[in-house]
Amino acid sequence: GDINSLNANKDITQYVHVTRGPGEKQQMLMRIFQSLEAGSRTLVFTSTKRMADQLGMQLGRQIGSGVIHGDKDQREREA
């Protein structure tokens with residue numbers, strides 16, 4: 001394919017939300033999660049492994065979550 005064009009899977013809906021800081025980002029995430037149907041699946045990308053771990057801990061207490069990044073071994077990724 002053309003490396004200059006982006007083609008997403010037609011079965012997946014993607015949204016981009018731009019926020020101005022950590023507080024606004026946290027509020028946006030909670031609004032999004034509260035609006036989802038039960039059983040929905042969501043991916044959240046972070047800029048760092050550390051942020052992925054921090055966000056995973058926060059969300060894990062509230063709604064349940066998993067974290068995947070390069071510092072996790074395969075067993076942790078599959079858990």
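Mentor: The accessible surface of the protein comes to about 7,400 Å², and 50% of that belongs to carbon and sulfur atoms. Keep in mind that this is a predicted model.

Trainee: How many helices and strands are there in the protein, and what pattern does the sequence follow?

Mentor: There are 3 helices and 0 strands. Read along the sequence, the pattern is α-α-α.

Trainee: What makes the protein more spread out than a compact globule?

Mentor: The globule rule gives 12 Å for 79 residues, whereas the radius of gyration is 15 Å, well over that value, so the protein is more spread out than a compact globule. Along its principal axes the C-alpha trace spans about 40 × 30 × 30 Å.

Trainee: What share of the residues count as buried?

Mentor: Of the 79 residues, 13% count as buried. As for contacts between residues at least 6 apart in sequence, 23% of them join residues at least 24 apart.

Trainee: How do you know that the span of helix 2 agrees with its number of residues?

Mentor: Helix 2 has 14 residues, which at 1.5 Å a residue should span 20 Å; the end C-alpha atoms are 20 Å apart, so the two agree. Helix 1 also has 14 residues, and its first and last C-alpha atoms are 20 Å apart, close to the expected 20 Å.

Trainee: Which residues of helix 2 are buried, and why are they said to line one face?

Mentor: The buried residues of helix 2 are Ala52, Leu55, Gly56 and Leu59. Seen down the axis of helix 2, they fall within an arc of 110°, so they line one face of the helix.

Trainee: What does the face turned away from that buried side carry?

Mentor: That face of helix 2 carries the exposed residues Arg50, Met57 and Arg61.

Trainee: What do the buried residues of helix 2 pack against?

Mentor: They pack against helix 1, residues 22-35.

Trainee: What is found just after helix 2?

Mentor: Gly64 is there, with a positive phi of about 90°.

Trainee: Why is His69 called buried?

Mentor: The cut-off for buried is under 20% relative accessible area. His69 has 12% relative accessibility, so His69 counts as buried. His69 lies in the loop between helix 2 (49-62) and helix 3 (74-78).

Trainee: Which side chain does His69 join through a polar contact?

Mentor: The partner is the side chain of Asp53, at 3.0 Å. The limit for such a pair of N or O atoms is 3.5 Å, and the His69 to Asp53 pair is listed as a polar contact at 3.0 Å.

Trainee: Asp71 is in that loop between helix 2 and helix 3 too. Why is Asp71 called exposed?

Mentor: Exposed means over 50% relative accessible area. The value for Asp71 is 56%, so Asp71 is exposed. Not counting residues up to four places away in sequence, Asp71 touches Lys49 and Glu76. Asp71 and Arg50 are 21 residues apart in sequence, with 10.0 Å between their C-alpha atoms.

Trainee: What makes His17 partly exposed?

Mentor: Buried is under 20% and exposed is over 50%, with partly exposed in between. His17 has 42% relative accessibility, so His17 counts as partly exposed. His17 is found in the segment before helix 1.

Trainee: Which residues is His17 in contact with, leaving aside its neighbours within four places in sequence?

Mentor: Those residues are Met28 and Ile32. The C-alpha atoms of His17 and Leu29 are 9.3 Å apart in space, and the two residues are 12 apart in sequence.

Trainee: Where is Phe45 found, and does it count as buried or exposed?

Mentor: Phe45 is in the loop between helix 1 and helix 2. Its relative accessibility is 73%, so Phe45 counts as exposed. Phe45 and Ile68 are 23 residues apart along the chain, and their C-alpha atoms are separated by 10.0 Å.

Notes: Residues numbered from 1 in each chain as written. Predicted model: local features only at pLDDT ≥ 70, side-chain atom pairs only at ≥ 80, totals over all residues. Heavy atoms only, no water. Helix = DSSP H or I, 4+ residues; strand = E, 2+ residues; numbered from the N terminus. Buried < 20%, exposed > 50% of the residue type's maximum accessible area, 1.4 Å probe, protein only. Polar contact = N/O pair within 3.5 Å; in protein donor to acceptor, adjacent residues only side chain to side chain. Expected span 1.5 Å × (residues − 1). Arc of directions from axis to C-beta. Contact = heavy atoms within 4.5 Å. Rg over C-alpha atoms; globule rule 2.2 N^0.38 Å. Areas by Shrake-Rupley, 256 points an atom, 1.4 Å probe, with all protein chains shown as cover.
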